[in-house]
Amino acid sequence: MLKPVLIAGAAALALSATGAAFAQDPVALVIAQGGLGDQSYNDLAHQGFMAATEETGVEGRVLESRDVVAQGEQILRRAAESDFGLVVDLEYAHGEVMEAVAPDYPDTEFVVLNQVREGDNITSVLFSEHEGSYLAGALAAMVTTNTDIPGINEDANIGVIGGTRSVGIDKFLVGFVQGAREINPDVQVQVAYANTFGDPATGQQMAEAMFENGADIVYQVAGGTGLGVIQAAEAAGHYAIGVDTDQDGLAPGHVLTSMIKRVDVAVADVVEAYAGGSLEGGQVRNYSLADNGVGLSEMIHTRDLLPADYLARIDELRDGIIAGDIVVVNVIEDGYPDFFQ
Amino acid sequence: MSDAVPRALEDGLRLAMPFVAALLVGSILLAITGRDPFSTYAELFNEALGGQSRIAATLTAATPLIFTGLATAIAFRAGVFNVGVEGSFYLGGLAAAWVGFAWIGLGGTLQMLAALGFGALVGGLWMLLPGWLRARMDVDEVVTTLMLNFIAIGIALWLVNGPLLAAGSANSATPMVLAEARLPRLIPPSTLNAGFLIGLAALVVYGVWLRLRVGGFENRLVGLNPRFARSVGISVSSVILLAIVLSGVIGGLGGATHALGVVGRFSEGFSPGYGFTGIAVALLGRNRPVGILIGALIFGALTSAGTTVQLFADIPLDLVQVLEGTVMMLAVVEAVRWARRRRAVRAVAP
């Protein structure tokens with residue numbers, strides 16, 4: 001049975017302090033498509049993994065494969081048969097395979113990200129991307145009509161580009177639109193899907209089209225494709241909003257903010273929990289605004305462009321979500337709202 | 001007959017040379033980065049062939065390359081430089097996955113066979129256009145088949161992002177195929193499946209076909225000297241068309257076995273470039289069945305061992321990629337020789 005657990009940062013720290021008391025089998029991290037060096041999801045998870053293995057003294061191994069989709073079952077079985085105690089798999093396509101393989105190896109804990117998989121020794125890690133995206137949408141809706149800010153026109157018109165048309169991506173998009181509408185119910189949000197996460201040229205073209213249609217801020221939820229969105233924003237003198245990692249520095253001054261998913265924190269937490277002997281399978285660990293698992297970047301390049309009350313309003317909304325006064329639609333659990341069909 | 005042994009020896013050397021060279025390049029790299037080449041290679045070797053489950057993993061990884069290598073070789077034999085097997089593999093895989101998850105009620109083995117057949121059919125149909133263009137209009141197939149790869153991948157990704165996307169999935173993937181449509185596993189729990197046997201059978205059929213006058217011999221003759229072939233009454237254009245389409249059929253069948261045997265569906269990242277590795281396999285294997293098998297096994301071993309060895313040793317994936325890259329580069333030397341001969345032959349052909 002799956003039961004959600006809330007994670008507190010302090011708990012993770014406390015666990016790591018006791019980690020040395022347990023004798024532990026080695027742990028493995030399986031890198032997803034895109035590989036190390038993606039300056040995004042994989043690199044961030046890798047950082048968290050390395051930091052946690054170093055801190056806890058558990059032996060850690062990192063696996064990369066050019067053929068990671070097909071090698072999935074082989075990797076999971078090989079690791080489990082070789083007495084690895086924990087396998088953290090970043091590859092989304094390994095979800096079903098993990099569900100099939102895990103029961104054969106009850107002594108190994110498996111961790112899957114961004115999806116929920118059933119199994120007594122499977123830990124599922126989710127992020128409340130809708131909450132972070134809500135704040136990004138709210139900020140975009142405030143900025144998009146303020147012509148005092150360079151590169152902003154008077155139209156209440158913003159855009160969002162998803163990598164693929166699926167609920168996993170729409171979770172970001174719906175949160176973004178809801179946040180924008182909270183600020184300005186009449187805001188126009190252009191929505192498009194690139195159908196690929198790996199093509200910056202496509203992202204660039206789509207963003208250019210949105211800018212020509214009156215948008216001045218475009219949120220990218222499209223991995224490598226999104227790098228083209230950021231390039232287009234820089235070239236056109238407008239703004240992009242980054243995703244997953246702090247992408248503000250990719251085009252300083254032209255990335256309004258980034259919606260950060262702390263994959264590093266999540267991976268470090270599970271490794272530390274494992275090292276401390278407290279990782280129990282069959283659970284969903286959710287990382288939300290309240291745990292700092294998601295949130296907006298520090299905006300070091302754009303903060304000075306924004307009126308102070310915008311940031312105050314964002315903090316207010318953030319507190320409202322954490323307090324439960326504002327409920328952000330999570331399309332995976334709640335289905336699609338009327339304003340986004 | 002008398003020169004059969006030296007020829008086999010020469011073939012063997014040609015096949016071994018690129019790998020020996022790659023190992024040398026790799027060991028220089030290892031030595032520079034302060035690793036012991038011998039122990040590194042020993043670990044790789046052990047991970048590739050040390051025990052039944054590791055051998056099974058290597059055979060699994062070699063299976064798609066048997067198909068793409070064979071598909072490429074069939075075309076090469078007829079003098080057609082088909083570099084579009086990747087596209088057939090993609091579309092064949094998607095087609096088979098679709099039958100596998102959508103044709104509910106067909107039942108068991110029949111559904112599996114239908115999925116395999118449909119994958120092969122789609123792979124073959126995909127090559128009809130470049131085949132026709134080459135056979136009838138003499139349009140260079142290198143350009144058309146290469147370009148068609150991008151179109152095939154685009155179509156597949158579009159379908160898997162729209163009509164065929166699994167409900168609830170956050171990345172581009174079809175639903176899983178039904179359990180009955182999956183290819184049976186040979187040594188559970190290893191992933192080795194009936195796809196490997198289908199690949200072997202295809203190689204055997206190819207070997208027999210090569211010895212048939214109608215078919216293999218004509219195919220070869222057209223590849224060696226189209227003008228002579230035409231003068232002895234062989235329909236060069238239909239031999240060429242058949243070779244390209246057959247090449248697509250085998251490529252599509254390879255994609256189908258990959259979808260039904262290993263991945264269990266079609267998803268983004270379905271092929272890391274099996275079609276292109278297949279070109280190297282065909283070139284190194286000199287288009288011969290045994291050569292293709294050996295070439296596929298070596299690349300398969302590098303893939304499977306190169307991945308899981310990282311669990312035990314500090315061997316970066318980069319090393320495996322350097323080894324693969326070096327082998328492929330040397331295979332291109334063979335391709336250049338081949339292309340020169342082809343140009344010379346086509347120059348004299350009317």
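**Close-up views of chain A and its contacts**

**View 1. The meeting of domain 1 and domain 2 in chain A.** In this predicted model, eleven residues of domain 1 of chain A are in contact with eight residues of domain 2 of chain A. On the side of domain 1 that touches domain 2, α2 (41-56) and α9 (263-275) of chain A each supply at least two residues. By class, this side of domain 1 has six nonpolar residues, four polar residues and one charged residue.

**View 2. The two domains of chain A.** The domain assignment gives domain 1 as 3-127 + 262-287 and domain 2 as 133-260 + 293-334. Taken over C-alpha atoms, the centres of these two domains of chain A are separated by 30 Å.

**View 3. The fold of chain A.** Chain A contains eleven helices and 13 strands. The radius of gyration of chain A is 20 Å, close to the 20 Å that the globule rule gives for 341 residues, so chain A is as compact as a globular protein of that length. Along the principal axes, the C-alpha atoms of chain A fill a box of roughly 60 × 40 × 35 Å. Of the 341 residues of chain A, 60% count as buried.

**View 4. The contact between chain A and chain B.** This contact takes 35 residues from chain A and 31 residues from chain B. On the side of chain B that touches chain A, α7 (141-161), α11 (236-263), α13 (289-308) and α14 (317-348) of chain B each supply at least two residues. The largest share of that side, four residues, comes from α13(B). By class, the side of chain B that touches chain A has 14 nonpolar, 17 polar and no charged residues.

Notes
Residues are numbered from 1 along each chain as its sequence is written. Chains are lettered from A and ligands numbered from 1 in the order in which they are written. This is a predicted model: local features need pLDDT of at least 70, side-chain atom pairs count only at pLDDT 80 or more; totals for chains, interfaces and linings use all residues. The radius of gyration is taken over C-alpha atoms; the globule rule is 2.2 Å times the number of residues to the power 0.38. A residue is buried if 20 or more other C-beta atoms lie within 10 Å of its own, exposed if 12 or fewer, and partly exposed in between; C-beta atoms are placed from the backbone. Two residues are in contact if their C-beta atoms, placed from the backbone, lie within 7 Å. Ala, Val, Leu, Ile, Met, Phe, Trp, Tyr, Cys and Pro count as nonpolar, Asp, Glu, Lys and Arg as charged, and the others, Gly among them, as polar. Domain bounds come from an automatic or database domain assignment.
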